[in-house]
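Hello,

Please find the structure below. My notes follow it.

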Amino acid sequence: SGQRLRFDFTHDHAVTEAELEQIEDLANQWIEENYTAQTELLSYNDAVKKGAMALFEEKYGDEVRVVSFGDCSTELCGGTHANATGDIGLLKIVSESGISAGIRRIEALSGMAALHHLRDQERALRDTASLLKVAPADVTDRVSKLLDERKTARRELEAARSAKQGDVSGDLIADAKEIT
């Protein structure tokens, strides 16, 4: 199975494509390393000292459940959603956006949902390639060439329209009679 997830974090600007790829690579590396879940009950202060991440909106009592996956994740948690990082399967980031001043959101898919998303993207690319009569790897070059051709055609059309209007104006002037 798989699911949609979102992660909100503080950041002062949009995350670049390169940064998103780094995040995705790191998350998938941790998943592949298949860290097992380690759960312990600690005081809230001890959990924070240990480096546990607390969610913005959550209210925590004096004793909290801390779930760790190797060195990659230590969080205060109400319930474990995976027994090991490998249970997550593939993680694919599908969007990054600003949700308020200084707060960004990454949305991602995991497991089979991520696989289905990638298949849908591949299908769209293959369909586009078929319409363009090129291989999928050549779609970007073909679209770029078509856009250049379109720009050239528009310029030629505008030049032809201007020339035609100039001819019509010249004809009207030549046909004009001076009224005295």
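A place to begin is Lys 133, which lies in the loop between H3 and helix H4 (139–175). Please keep in mind that the model is predicted. Lys 133 has a positive phi of about 60°, although it is not a glycine. Is Lys 133 buried or exposed? Its relative accessible area is 73%, and exposed means over 50%, so Lys 133 counts as exposed.

Helix H3 covers residues 111–132, which is 22 residues. From its first C-alpha to its last it reaches 32 Å, close to the 32 Å expected at 1.5 Å a residue. Which residues of H3 are buried? They are Gly 111, Ala 114, Ala 129 and Leu 132. These four lie on the same side of H3, because they cover an arc of only 95° around the axis. On the other side of H3, Ser 130 and Leu 131 are exposed.

Now the strands. An open sheet is formed by 3 strands in the order S2-S3-S4, and the pairing is antiparallel. Which strands are at the edges? Strand S2 (37–43) and strand S4 (73–76) are the edge strands, as each pairs on one side only. From one strand to the next, the twist averages 25°.

The pairings can be followed one at a time:

- S2 and strand S3 (residues 63–69) run antiparallel and are joined by 7 bridges. Ser 43 has Glu 63 in S3 as its bridge partner.
- S3 and S4 also run antiparallel, joined by 4 bridges. Here Val 66 stands opposite Leu 76 in S4.

How many residues lie between S3 and S4 in their hairpin? There are 3, and Gly 70 in the turn has a positive phi of about 55°.

Regards

Technical notes:
Residues numbered from 1 in each chain as written. Predicted model: local features only at pLDDT ≥ 70, side-chain atom pairs only at ≥ 80, totals over all residues. Heavy atoms only, no water. Pairing = 2+ DSSP bridges. Helix = DSSP H or I, 4+ residues; strand = E, 2+ residues; numbered from the N terminus. Axes fitted to C-alpha atoms, helices over the stretch in contact; angles between N-to-C directions. Expected span 1.5 Å × (residues − 1). Buried < 20%, exposed > 50% of the residue type's maximum accessible area, 1.4 Å probe, protein only. Arc of directions from axis to C-beta.
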